[in-house]
Amino acid sequence: MHTFFKPTVAALLAMGSAMLESVTPMFILTGGFVFADTVTAYRLQRRLARAGKLDPEKAKFSSSRFGRVFITLARIFALLMLTAMADYLVLAPLGIPAMKIVAGAVCFWQAISLLENEASQNDAPWASHARHFLVDKAKRYLRED
């Protein structure tokens with residue numbers, strides 16, 4: 001039993017280490033976008049509070065809302081790990097870089113959210129043009145929940 005267990009665990013740990021090595025740069029990139037989106041959401045709340053449209057207490061830093069950042073990061077990490085395994089086990093012979101495609105999609109999703117946050121409740125000329133194409137996220141914070 002010992003001759004089977006030790007090499008099996010070593011092989012699984014080596015595979016997990018290889019997956020982490022390939023996922024880490026993508027996770028750092030996507031995590032940077034998630035944190036940038038978090039900062040722009042906070043900036044939007046502060047703009048709404050300064051304009052008198054949002055209770056200043058709701059514009060303060062909240063641990064429960066910040067906790068959602070870690071849930072998002074965990075989901076992204078799990079998705080990247082799964083696509084790294086799919087790349088390694090299934091897609092490598094086909095030459096399809098699924099993990100890079102997924103990381104690119106996450107970055108695009110976060111970039112759009114970032115632009116929505118920055119364009120909302122902003123007097124800059126670029127923001128008024130952007131609001132023609134982007135959702136106004138100020139309405140999300142102004143809803144009565």
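Phe-35 has a relative accessible area of 35% and is therefore partly exposed (buried means under 20% relative accessible area, exposed over 50%, partly exposed in between, with a 1.4 Å probe and protein chains only). The model is predicted, so local features need pLDDT of at least 70 and side-chain atom pairs count only at pLDDT 80 or more, while totals for chains, interfaces and linings use all residues. Residues are numbered from 1 along each chain as its sequence is written, and side-chain values use heavy atoms, with hydrogens and water left out.

Across the whole structure, a search finds three aromatic pairs (rings of Phe, Tyr and Trp, the last by its six-membered ring, pair if their centres lie within 6.5 Å; planes under 30 degrees apart count as stacked, over 60 as edge-to-face and the rest as tilted). One of them joins Phe-35 and Phe-66, with ring centres 6.5 Å apart and planes at 40°, so this pair is tilted. It links distant parts of the chain, since Phe-35 sits in helix 1 and Phe-66 in helix 2, 31 residues apart (helices are DSSP runs of H or I with at least four residues, numbered from the N terminus). Phe-66 also pairs with Phe-70, this time edge-to-face, at 5.2 Å centre to centre and 85° between the planes. Both of these residues belong to helix 2, four residues apart, about one turn of the helix. Phe-66, at 26% relative accessible area, is partly exposed, and so is Phe-70, at 44%.

The largest pocket has a volume of about 1,000 Å³ (on a 1 Å grid over the protein atoms alone, a pocket is an open set of points where a 1.4 Å probe fits, with protein on both sides within 12 Å along at least five of seven lines; lining residues have an atom within 4 Å of a point; the volume is the space filled by probe spheres set on the points, which are joined across faces, edges and corners). Of its 33 lining residues, the closest to the centre are Ala-41, Arg-65, Arg-68, Val-69 and Tyr-141. Helix 1, helix 2, helix 3 (98-119) and helix 5 (138-142) each supply at least two lining residues, and the largest share, nine residues, comes from helix 2.

Finally, Val-90 lies in helix 2 and counts as exposed, at 53% relative accessibility.
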